[in-house]
Structure formats: structure tokens, C-alpha cells
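Student: I'd like to learn how to read a structure, feature by feature. Where do we start?

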Amino acid sequence: MTLTADPTATPTAAAILRRQRVRESAARTYARSFPIVPVRASGMTVEGADGRRYLDCLSGAGTLALGHNHPVVLAAIRRTLDSGAPLHLLDLATAEKDDFTTALLESLPAPFAKGARVHFCGPAGTDAVEAALKLMQTATGRRGALAFTGAYHGMTAGALAVTGNVAVKQPLPSGGEVTRLPYPYAYRCPFGVGGEAGERLAAVYTERLLDDPAGGVLPPAAMIVEVVQGEGGAVPAPDAWLREQRRITAERGIPLIVDEVQTGVGRTGAMWAVEHSGIVPDAMVLSKAIGGSLPLAVVVYREEYDSWQPGAHTGTFRGNTLAMAAGAATLRHVAADGLVARAEQVGHRLLTELTALKGRLPVIGDVRGRGLMLGVELVDPTGVADAVGSYPPDPALAVRVREACLARGLIVELGGRHDAVLRLLPPLTITDEQAGAVLERLGEANAAAGSGS
């Protein structure tokens, strides 16, 4: 074998992008949206190989709570490397793991953390979803699951089964028995009424369906829900509705799994999104930000569900020492530096000013979210409004706006139904100046793309 590459040579961005297109799979996603080659990054700023700088409102799909290369994270990684600690030990006990579980349990709501168990999974959130579903099937002896319209839980078989996106599910065989329930999405209310009336109907629907002897739903192993739907379009669950889901499941002995993969570690203006409603779930699925930018995923659950036998759910990469060190440092820094309150404060400002922008630009149909997890839904205002008064989504416009944002040095991604929602996930360390720049560039991009210029 002959290696021809010169490690001292600096390839051009165009050459790197060309080789990526040839060498990598057709499943590339972000690379298609953002044809740039990042070479340096710090905080919210990413620098491309061409020298251009971008404000990153994607943050690794919510992974980078502290932004890129935060000093606290880098110090934890360097300290671990310099210590000579083993970087990979399967599920053996280490000081780094012990410290991470301590930091994690201290950060969780006290009623949930008391007596909870932590299971380390494969490195991605979808692995933790698989583990949570499998755990509840083992504990209850049941098979099915309750999930919601608009949900996103991952791309492996079980996680995909409880995910709502039809396009990614259609080519594949069924991943299990799932009963789909309506998520209260006010702008496109599944009942055509919106507001609190829609929330109440969604809760009543869940209860009536489960209690209907001819409803066709066998007692499920679990219900899984996101407090704020991320890929579903930054749709927040109303607190009262979430409390009703907890009551309904508790009264019927159905374990409640809350997917906090994207909402956790201060993202929504609370350390964990369940804190807004005050519910105590039976299990929480955690990943993304808990690894401090490195791969890490866990399920935390009430100890009475710890019914696995040794080896019943395992995996090679469950002991990522560097991720545990970076994650523990991140959890503690977010709490100590007031970044949870900061996310709520800046998020409120962004939400207020984006709502004002909506009043000036008819192509913005809805602005919503919680903390620094926000969505701007783009619509065709010349189309026919539905029963709630909402206009048809405009995915083509959303693509143009994303491109216009990138041209102005702003990275935002799309999501939601029809990919017509601009999603904002800036790091919790965003400055006031950066928030102003995001608003300015987003407004310019929407105005330019909406006018066709």
C-alpha cells in the first residue's frame, strides 16, 4: 500500500469538499447545507478555510452548551490527558466516571435524582433512547410504546419507531408497536382549534384512548416525550399538558421517559426542561451537552426499574473518559456561572425581537421556543389559511433564508414539518453583542429571501 498524501501540505477547501462528496455516504446532511470547511472555532465563532467568520447558531445540534473550545472544557481534557488516566475501560469504575455521575446527579431535580440509577450507553442519544425503551420493556413485560406526532428520538430501530418523521421511516420495516398521540402544536393544532383548547383536547385524547376497551391500544411499556420538540420545529410542550401526561401515565402504571437529549444542560432556561413543569419522570434520556462536546449518552431512571441482568444491555464505547471529564466540567460551569439564567434572559430577548420581526415580515408565520431553543416558521402568506389561521409552510423560502444567512456569516439550520422552521440553538455563552448580530443578520436574510433579492 502506498500513501500519497503529504501531511505537511494544506489542502484547499474546494479539494476537501470535493473529496468528501466522493468518499462519504449519500446521507450527508449538514455538509450539504453548509459548504464550508471550518478550520478554527472559539465560543460562538467558526472560521472557515477561506478566512470567513460565522456565528454558529447550530452549536453541534445543541451539543456545545459552552460553545466551541471553551477554556473550562479544554482544561478538563488536558488535565485528564496529562494525568495518564486510561481513556477506554469499558464499564469499569474510574475516578473520572465517579466524578461525572456525582456532577450529573447533583444537577438533576432532587426528587428524581434521589435513588436514581445511571446507565452508560453507546455514544449517541439514539443509543440511550434504545436503552430506555428496552429497560421499560424488561421492567414491565410489555412491548408497545406511546409516542407523539412531530417527535424525534434518533435513527436506530427502536428510536426511529417512536420518531414521527415519515420520510426517514418509510423505506424501512417497522421497528415495533407504537401508538402515536397528538402533540400540542399551537400553530398547526392537530384539532384545528389551537391555544389552551387544543392542549386540553390533546390531554383528553390520551386518556380516553388508553381507557377505551375498543381503542386498540394494549398496555404499553412506556410513554416517551420531548419537553420541547427539537427537530420537530422547536415546539414547546405546555406545562399543564405535560403535567396531565404525567398524571395519566402514573395512574395507569405506564413509565414516563423524557427525552432531554437536546433540551438538557440549561438549553431551555432551566437546567433540565422538566423543571419548567415540575414533573418527575421515571427515566430521562441524556446526551449531547452532557459530554462537553464529546460523545456521551446515559439513561437515568428510578431504581425500581433497574431490572436488567448483567450484560443485558452493553456496548464497547460506554466508558469515554475524556467525555466524562469534559461533561462534569461543563455541568458544573453551567450551574456555577449562571448560564441557565443567562439562557432564559437572552432567549426572552431573542423571542421578543423575533416576534416583533414577525409583525413586519408576513413570511414569518410563527415564532416560538423556550430559552435558547427557538424556531421561526416560514410560510406562504398568499396561500390559504387553515382553521386556526395558519398559512401553508414554505420550505423553499426556508432554504433561501438559510443560504442568505450563511452569506451574511450566520449558521442556522432547518427543521419542523416540511423543513420550514429556522432553528436557533446558540451556545449558552452568547454575548449581548452576538445576540444583536444574530437578530440583524436573520432579519436581513428573511427580508432579502422573502423579496427574492
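**Hairpins, helices and burial**

Student: Which residue takes a positive phi in the hairpin of β13 and β14?

Tutor: Gly371 does, with phi near 60°, in a hairpin with two residues between the strands. Strands here are DSSP runs of E, at least two residues long, and helices are runs of H or I, at least four long, both numbered from the N terminus. The model is predicted: local features need pLDDT of at least 70, side-chain atom pairs count only at pLDDT 80 or more, and totals for chains, interfaces and linings use all residues. Residues are numbered from 1 along each chain as its sequence is written, and side-chain values use heavy atoms, with hydrogens and water left out.

Student: Is β13 (residues 364-370) enclosed or open?

Tutor: Buried means under 20% relative accessible area, exposed means over 50%, and partly exposed lies in between (1.4 Å probe, protein chains only). Six of the seven residues of β13 are buried, so the strand is largely enclosed by the rest of the structure.

Student: Which strands does β17 pair with?

Tutor: β14 (residues 373-378) is one: it runs antiparallel to β17 over four bridges. There, Val376 sits opposite Leu422. β16 (residues 413-415) also pairs with β17 in the antiparallel sense, over three bridges. In that pairing Gly415 has Val421 as its bridge partner. β16 and β17 form a hairpin with five residues between them, and Gly416 in the turn has a positive phi of about 80°.

Student: Which residues of β17 lie on each side?

Tutor: In β17 (residues 421-424), Val421 and Arg423 take one side, Leu422 and Leu424 the other. All four are buried, so both faces are covered.

Student: How do β11 and β12 run?

Tutor: β11 (residues 283-286) and β12 (residues 298-302) are antiparallel, joined by four bridges. Leu286 is opposite Val298.

Student: How do α10 and α11 pack?

Tutor: Angles under 35 degrees count as roughly parallel, over 145 as roughly antiparallel, 65 to 115 as roughly perpendicular, and the rest as oblique. The axes of α10 (residues 195-211) and α11 (residues 239-251) come within 9 Å and cross at roughly 10°. That makes α10 roughly parallel to α11. Among the contact residues are Glu199 and Glu207 of α10 and Arg247 and Glu251 of α11. By class, five are nonpolar, two polar and five charged. Here Ala, Val, Leu, Ile, Met, Phe, Trp, Tyr, Cys and Pro are nonpolar, Asp, Glu, Lys and Arg charged, and the others, Gly among them, polar.

Student: At what angle do α4 and α12 pack?

Tutor: α4 (residues 71-83) and α12 (residues 321-336) pack at about 145°, axes 8 Å apart. The contact includes Ile77 and Leu81 of α4 and Ala325 and His333 of α12. It has nine nonpolar, four polar and no charged residues.

Student: Are His68 and Asp56 buried or exposed?

Tutor: His68 counts as buried at 19% relative accessibility. Asp56 is buried too, at 6%. His68 is in the loop between α3 (59-62) and α4, while Asp56 lies in β3 (residues 53-56). Leaving out residues up to four places away in sequence, His68 touches Ala41, Ser42, Gly43, Val46 and Asp56.

Student: How far is Asp56 from Ile430?

Tutor: They are 374 residues apart in sequence, yet 9.9 Å apart in space, C-alpha to C-alpha.

Note on methods
Axes are lines fitted to C-alpha atoms, for helices over the stretch in contact, and angles run from 0 to 180 degrees between N-to-C directions. Contact means heavy atoms within 4.5 Å. Two strands pair if DSSP finds at least two bridges between them.
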